[in-house]
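I opened my notebook to get to know a new protein. Here is what I looked up, in the order I went.

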Amino acid sequence: MRDEPIWLTWAGELQSIAQAGLYYDPNIYDQERYQRILEIAAEIVARHTEVPAEKARDLFCGDTGYITPKLDTRAAVFDGEGRILLVREASGLWALPGGWVDADQSVMENAVKEVREEAGLDVEAQRLIAVLDRDRHNERLFPRKIIMCFVLCTCLGGAFRPNSETVEARYFPRDALPSPLARTKTTEEEIDMCFRAYKDPTLPTYFD
């Protein structure tokens with residue numbers, strides 16, 4: 001597991017305690033206290049990062065129920081020359097196309113949807129490359145546990161369309177990856193993993 005600042009660990013603990021309390025404790029006075037604990041956790045993250053306070057509050061205070069990991073998909077799409085598809089976000093960072101799994105989507109469906117939304121391409125999901133604990137592989141921005149599912153996809157057609165999330169979509173060979181990568185979402189090691197899966201159809205799904 002990657003080292004993380006202690007304030008991020010504390011914020012995650014506060015969120016877990018408060019959200020469980022809101023779910024299980026019917027006492028109205030305790031509910032108010034738990035809500036305030038969530039707000040404090042959000043304020044900690046906003047103070048120590050570039051995340052706007054409102055976005056941090058939405059992340060910490062907008063969820064309900066017992067805390068479980070959030071699910072994220074990343075699609076590995078290759079062209080006929082064996083190059084991998086990456087999208088450039090509005091921030092200028094490059095990543096594999098992907099995002100949170102919607103409540104009404106499966107992992108496969110979400111991977112296909114994200115490529116269509118972020119890269120303008122229609123793809124078919126072929127197989128699951130890996131299921132990773134993001135804390136063990138990526139830079140961590142929020143205390144919430146995140147599970148990442150990498151899906152190998154085949155392009156059926158389409159072309160990039162301007163959208164609210166990405167400004168460019170291009171294919172890259174392994175020895176000429178763009179910089180900088182959005183390391184909270186995509187690392188060189190993860191891209192290497194996708195290349196290995198693409199080149200070896202017998203490679204088993206990796207999980208940790």
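Is Glu43 buried, partly exposed or exposed? I found Glu43 partly exposed, with a relative accessible area of 41%; buried means under 20%, exposed over 50% and partly exposed in between, with a 1.4 Å probe and protein chains only.

A note on the source: this is a predicted model, where local features need pLDDT of at least 70, side-chain atom pairs count only at pLDDT 80 or more, and totals for chains, interfaces and linings use all residues. Residues are numbered from 1 along each chain as its sequence is written, and side-chain values use heavy atoms, leaving out hydrogens and water.

Next I checked the partner of Glu43. Glu43 forms a salt bridge (a side-chain nitrogen of Lys or Arg within 4 Å of a carboxyl oxygen of Asp or Glu) with Arg36, and their closest N and O atoms are 3.0 Å apart. Arg36 is also partly exposed, at 37%.

I then looked up Arg88, which pairs with Glu168 in a salt bridge at 3.0 Å. Arg88 sits in strand E2 (residues 84-89) and Glu168 in strand E7 (residues 166-172), so the pair ties together parts 80 residues apart in sequence. Strands here are DSSP runs of E, at least two residues, and helices are runs of H or I, at least four, numbered from the N terminus.

Lys113 and Glu114 form a salt bridge too, at 3.1 Å, and both are buried.

Last, I noted the whole chain: it has five helices and eight strands, and the salt bridges come to 18.
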